[in-house]
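Subject: Structure handover

Hello,

Here is the structure for you to look at. My notes on it follow below.

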Amino acid sequence: MPPPKDVVKIAIQMVGAIPQLIELQQTKPLASVLKDVCDAWSLPNAERYALQYADGRQTYITESNRRDIKNGSILRLTTSPDQEAEQLYIGIQSKNVDVKTDSLKKLASLSQDVTFAQEFISRNGLKQIYSIVEEGNDTGEMLAHTLKAFTELMEHDFVSWENLSTVFIKKIVSYVNMNAVDASIQQLSLSILENMVPTSRLLFEVVKKEVTLDRLLTHLQVTNAQLQLKAMALLIALLLSATDAERRDMMDYLREKNIRQFIHKNIIHSSEPLGDEMAHYLYVLQSVSLNLCEHRMKMSMDPYSQEQRDLLQSLRQTAFESESEAPAGTFSTERRRSLCAKEFRKLGFLNNSNPAEDLRRAPPGLLALDNMVYFSRNTPNAYSRFILENSSREDKHECPFARSSIQLTLILCEILHIGEPCSETAQAFYPMFFGQDHFFQELFCICIQLVNKTWKEMRATQEDFDKVMQVVREQITRTLSLKPTSLELFKTRVNALNYSEILKLRQTERLHQEETLAVPVLELREKLKPELLELIRQQRLLHLCEGTLFRKISSRRRQDKLWYCRLSPNHKMLHYGDVEEGVQSPPIESLTEKIPVADMKMLLVGKECPHTKEKSSGKQNKDVLELAFSIVHDVEEYCLNFIAPTRYEFCLWTDGLNVLLGKEMTSERTQTDLDVLLSMELKLRLLDLENISIPDNPPPIPKPPSNLNFCYDFSHAEQ
């Protein structure tokens with residue numbers, strides 16, 4: 001019978017004593033439980049003792065957490081938290097260095113427990129910690145234990161970080177800025193500063209002023225992975241706490257120091273595997289950097305801004321430079337305006353007379369204009385090729401550069417989550433981001449050329465614009481999911497993922513969605529295959545029985561005579577003979593020649609056939625090779641040679657002859673037919689399982705019954 005819900009069976013240990021196995025009554029006060037346990041071991045003063053878990057974090061058991069105790073838990077009787085706090089409070093003030101160090105070491109361990117931390121802080125224990133740091137000059141083991149204890153005590157949020165003195169903060173900062181100091185102390189100091197920065201603007205400014213970016217970059221370049229991690233954590237904390245202007249200045253400075261290249265080389269591609277915490281920090285750094293584009297993304301174009309109008313005009317001038325070289329006086333104002341409108345139309349703006357209107361939508365706002373200008377200035381050849389190539393196409397088939405650029409910029413902003421706050425747990429950074437300055441603009445340059453390539457592959461018109469951009473989005477997201485390590489690799493992979501590949505992937509995913517690739521369904525496919533292959537064999541033999549009209553080809557490759565071949569209904573004889581033009585299906589009796597199937601030795605195809613070995617050149621010879629097959633019978637020198645009228649007939653005849661020879665059907669048509677039949681058969685069989693998920697593993701077979709008395713014994717049935 002199971003124990004009541006308010007009773008848990010546990011073991012309690014104590015050093016030097018035999019463990020007790022008790023049933024803990026959860027409704028009974030903890031003080032009474034402790035008294036019973038102490039009485040069993042004849043221990044006085046039960047109030048000086050407490051229970052804690054023997055394994056894991058060894059948390060003290062209190063009235064608030066006792067419900068977490070599970071059946072089978074092992075607890076330990078130990079000194080109560082208030083007694084431990086009192087002893088350690090005295091111990092850390094000892095003049096004996098060994099006693100003080102041991103007390104600080106134990107304090108660092110026990111401070112993880114919230115009950116103990118509360119007791120220690122209530123005795124003004126943090127004041128003693130401050131004194132040890134502020135007044136001490138030690139940088140060894142004692143300081144490491146002190147900083148560890150401080151960090152653990154502050155984790156419980158009983159005391160505000162703003163209560164820290166300036167002297168204490170500067171002391172912590174000095175450990176970060178010192179060269180000759182133990183790495184563990186620097187790690188703890190960096191961790192303390194990281195926790196301090198987000199709590200108040202004042203603390204942020206102090207840390208930002210005292211710990212320079214150069215110093216953090218120095219810590220990032222060490223080989224100690226933990227120190228590197230803590231330095232990155234502080235850098236991220238500073239970036240997240242900064243104002244937009246401060247963040248931009250900090251990122252500009254880091255860019256000057258080539259932090260991206262350093263991270264790409266020494267952190268992402270280091271010999272040590274990248275931990276989850278570092279991956280998160282890299283994600284945040286990437287997100288903060290990309291979000292610098294948010295300001296331009298949300299800013300609409302101002303048609304009265306001369307700077308923005310100059311950028312817009314530069315696009316036209318770069319694309320149509322030779323046409324714009326005519327002197328100003330050559331054309332009238334009206335003529336020049338008409339020419340500009342025509343050129344802006346060629347650039348792909350919807351509003352030719354006022355292209356600034358196209359950039360009023362935000363997002364992507366001015367970021368789209370920045371991308372177009374970057375593309376035109378940094379890859380002028382590709383830009384000119386894009387514009388001129390589409391200018392020469394028919395109006396409905398031209399790929400609009402400006403419209404595509406605006407939509408592509410919006411797509412990239414959505415894919416890269418520009419303008420969205422950083423996730424607190426995400427780790428999805430792109431390694432190639434850290435290998436390239438001006439990442440967003442360079443990515444745009446690759447993708448806008450991809451748009452043009454995909455447009456041509458889809459033979460798109462203006463009505464297909466949204467469909468093309470949807471395919472481009474899919475190409476980008478699928479390639480980014482592969483986490484390419486460089487933009488060059490991204491470019492190679494995204495260009496290889498052409499429109500036809502996208503269609504294949506969609507088909508595969510649709511099959512997955514329909515659960516036709518689930519494990520049980522795959523097993524069903526394998527079971528159905530023999531039956532369906534037999535059906536295909538019968539169809540092939542039936543086609544041979546109906547027969548086919550072939551043409552004879554002379555040595556000069558002239559198709560001059562017709563002949564017919566068919567299989568007898570009993571599949572024992574192959575009948576063939578010459579026929580006149582216009583005869584579709586001659587009776588089997590009119591075909592005078594025949595070959596017993598039993599005498600057929602092998603089937604030859606393509607260039608193995610004797611009638612294709614004669615030398616010939618040109619396209620016709622290649623076509624003949626793809627349609628030629630021969631039957632070798634009696635002796636190898638004697639062959640019946642065929643040239644199939646179509647590839648379809650070639651597949652059906654070679655399959656049928658292989659069936660007669662007892663071999664497998666090898667044509668591509670066999671696989672196509674098998675896939676179609678399997679798909680139809682599976683859909684029919686799975687009709688009743690629509691909208692029901694199919695598990696990968698079969699349900700377990702129940703155990704046999706304890707007896708079989710329920711079975712009816714027919715031997716005793718009444719006559």
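How far apart are the end C-alpha atoms of helix H11 (residues 225-241), and what should its 17 residues span at 1.5 Å a residue? Please note that this is a predicted model, and all values below are computed from it. The 17 residues should span 24 Å, and the end C-alpha atoms of H11 are 24 Å apart, so the two values agree.

H11 is also largely enclosed by the rest of the structure, because 13 of its 17 residues are buried. At the start of H11, the backbone nitrogen of Gln226 has a side-chain oxygen of Asn224 within 3.0 Å.

Rolling a probe the size of a water molecule over the atoms shows where empty space is left. In this model there is one cavity of 30 Å³ or more, and the largest cavity has a volume of about 70 Å³. Its lining is made up of Met251, Leu254, Arg255, Ile259, Arg260, Leu285, Ser289, Phe433 and Phe434. Helix H12 (244-256), helix H13 (259-268) and helix H14 (276-290) are the elements that give two or more residues to this lining. H12 gives the most, with three residues. By class, the lining of the largest cavity has six nonpolar residues, two charged and one polar.

Then the open space. The largest pocket holds about 500 Å³. It is lined by 21 residues, and those closest to its centre are Arg255, Cys293, Leu367, His438 and Gln441. At least two residues of the pocket lining come from each of H12, H14, helix H18 (366-378) and helix H21 (439-457). H18 supplies the largest share, six residues. The lining of the largest pocket divides into ten nonpolar, seven charged and four polar residues.

Leaving aside neighbours within four places in sequence, Ser314 is in contact with Val373 and Arg377.

Regards

Technical notes. Residues are numbered from 1 along each chain as its sequence is written. This is a predicted model: local features need pLDDT of at least 70, side-chain atom pairs count only at pLDDT 80 or more; totals for chains, interfaces and linings use all residues. Side-chain values use heavy atoms; hydrogens and water are left out. On a 1 Å grid over the protein atoms alone, a cavity is a set of points where a 1.4 Å probe fits but cannot get out, and a pocket is an open set with protein on both sides within 12 Å along at least five of seven lines; lining residues have an atom within 4 Å of a point. Grid points are joined across faces, edges and corners, and a volume is the space filled by probe spheres set on the points. Helices (H or I, at least four residues) and strands (E, at least two) are DSSP runs, numbered from the N terminus. Ala, Val, Leu, Ile, Met, Phe, Trp, Tyr, Cys and Pro count as nonpolar, Asp, Glu, Lys and Arg as charged, and the others, Gly among them, as polar. The expected span of a helix is 1.5 Å times one less than its number of residues. Buried means under 20% relative accessible area, exposed over 50%, partly exposed in between (1.4 Å probe, protein chains only). A polar contact is a pair of N or O atoms within 3.5 Å; within protein, one must be able to donate a hydrogen and the other to accept it, and residues adjacent in sequence count only if both atoms are side-chain atoms. Contact means heavy atoms within 4.5 Å.
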